[in-house]
Amino acid sequence: MSTMEKLQQLVVKVSKGRLSEAVLTPEARLNEDLGLDSLAQSELIVLVEDTFAITVGLEEAAKVTTIGGILAFVEGTVVS
Amino acid sequence: MPETGYTIQPVDASNAAEVATVFRSVYGDGFPVPYVYHAALVMEEIRAGRLAASLAFDSKGNAIGYVSFFKCAPNPNLWEGGNLVVVPGGGKDELGWGLMQHYLQPGNLPGLQSDGIIGEAVCHHYFTQVGAVKLGFQECGLALDLLDGASFSEHRPETERVACVVQLYEQSDPQGPCYLPEQYRAFLHGIYERLRPRILLPGTSPLPRHGETVATDHWFEEAGTWRFSVSAIGEDWGMFLDRILVKSRERKAVCLQLIVSTALPCISEAVAQLRQRGFFIGGLYPRWFGNDAVMLQQLFGKEPDYEGIKLYTGVARKMLHDIRSDREAVQRKGEQE
């Protein structure tokens, strides 16, 4: 399973099934397009950290606002 | 930090009326801290040194968030962080964490000295826990069933009661020895490893044969939670406990907390009496009296919904495991007697 597919699964889980993987494009904005509020986004941080064994700082969390942004952060962090 | 698109300003007489606007946007008129709806009362709290509060404004000058620190403990230099509100749709996503971070910056708390900031992060979501841990708070305890789930009009929990993780951001070096109860020595040492260094001693002196127990209490009626802060123990300790247990049942308390000072060398025997009466460990309340305190808790309602408690860190999950084990051990002991 690719990193993007894993990430999409996490977002679907956080949305409690409200979102389908089809709408989770790299450009999709977490808040404005996907309707993930700050509580949902904090849950996504927890899942991303657990799944990819990385740590997300608050500054990174604030900067990353799209699915593609998370993907780039995860791939960059895992590789580095 | 990235460009935020908001500014954070201290609450003063010119903007205090906006506090009510922020709270109404989320809670209507139902937030259980009445002063937030009255500018004059907000200012009274601030002038009395009991409250430090700030508002966030967007670029158009609209109030979009609020955060406050207030006095909660016998120690006047310990603040509690809380009542953080972000207006729905009004702020950028990072505003909540930006508000949390605000008072951790030097100079943003009134007064010359702060021993630290204590927080009780709700466990029906991760937001506060994640933010606090990443800002440097240390997890010190877990208060089970502390709040009534029905009291949350926004982000309503799936559980009937809500647990809270006790977290501390320590800002000064502690003074004086801490006497530890032998029953929880290992548990507490695990917490102390993450705090500033202290002198830790075994609290194995006998209970006093004279004097009276000294405690202050706070009844949180909406939550059904009764909290006692015990600063001195006298010959009446056992009778004191029996009395508050009777009164707790009379007033239908759901959660009873005893926060006992670690300045008391007799703390092991004091804890033994608490355990005999069904209390189990809740954790450390650092700097509660200036010196630290150990919190023991008792629940009078249903069995806690352990599976519904969301905990961010492994530290907190281990704490829950230990606290649950202690509760069950105390219950087993009670059944055998």
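**Note on helix packing, domains and the chain contact**

1. In this predicted model, helix 3 of chain B passes helix 4 of chain B in a right-handed crossing. The helices concerned span residues 95-102 and residues 127-134 of chain B, and they pack at an angle of about 45°, with their axes 10 Å apart. Because angles from 65 to 115 degrees count as roughly perpendicular and those under 35 degrees as roughly parallel, helix 3 of chain B and helix 4 of chain B are therefore oblique to each other.

2. As for the residues involved, helix 3 of chain B brings B:Gly96, B:Trp97 and B:Met100 to this contact, while helix 4 of chain B brings B:Phe127, B:Gly131 and B:Ala132. Sorted by class, the contact of these two helices has four nonpolar and two polar residues, with no charged residues.

3. The domain assignment of chain B gives domain 1 (1-114) and domain 2 (177-336), and the centres of these two domains, taken over C-alpha atoms, are separated by 31 Å. Their contact takes five residues from domain 1 of chain B and eight residues from domain 2 of chain B. On the side of domain 1 of chain B that touches domain 2 of chain B, four residues are nonpolar, one is polar and none is charged.

4. Between the chains, the contact takes 14 residues from chain A and 15 residues from chain B. On the side of chain A that touches chain B, helix 2 (38-52) and helix 3 (58-63) of chain A each supply at least two residues, and helix 2 of chain A gives the most, with seven residues. That side of chain A divides into five nonpolar, six polar and three charged residues.

Definitions and conventions. Residues numbered from 1 in each chain as written. Chains lettered and ligands numbered in written order. Predicted model: local features only at pLDDT ≥ 70, side-chain atom pairs only at ≥ 80, totals over all residues. Contact = placed C-beta atoms within 7 Å. Helix = DSSP H or I, 4+ residues; strand = E, 2+ residues; numbered from the N terminus. Nonpolar A, V, L, I, M, F, W, Y, C, P; charged D, E, K, R; others polar. Domains from an automatic or database assignment. Axes fitted to C-alpha atoms, helices over the stretch in contact; angles between N-to-C directions. Parallel < 35°, antiparallel > 145°, perpendicular 65-115°, else oblique. Left-handed = near helix turned anticlockwise from the far one by under 90°.
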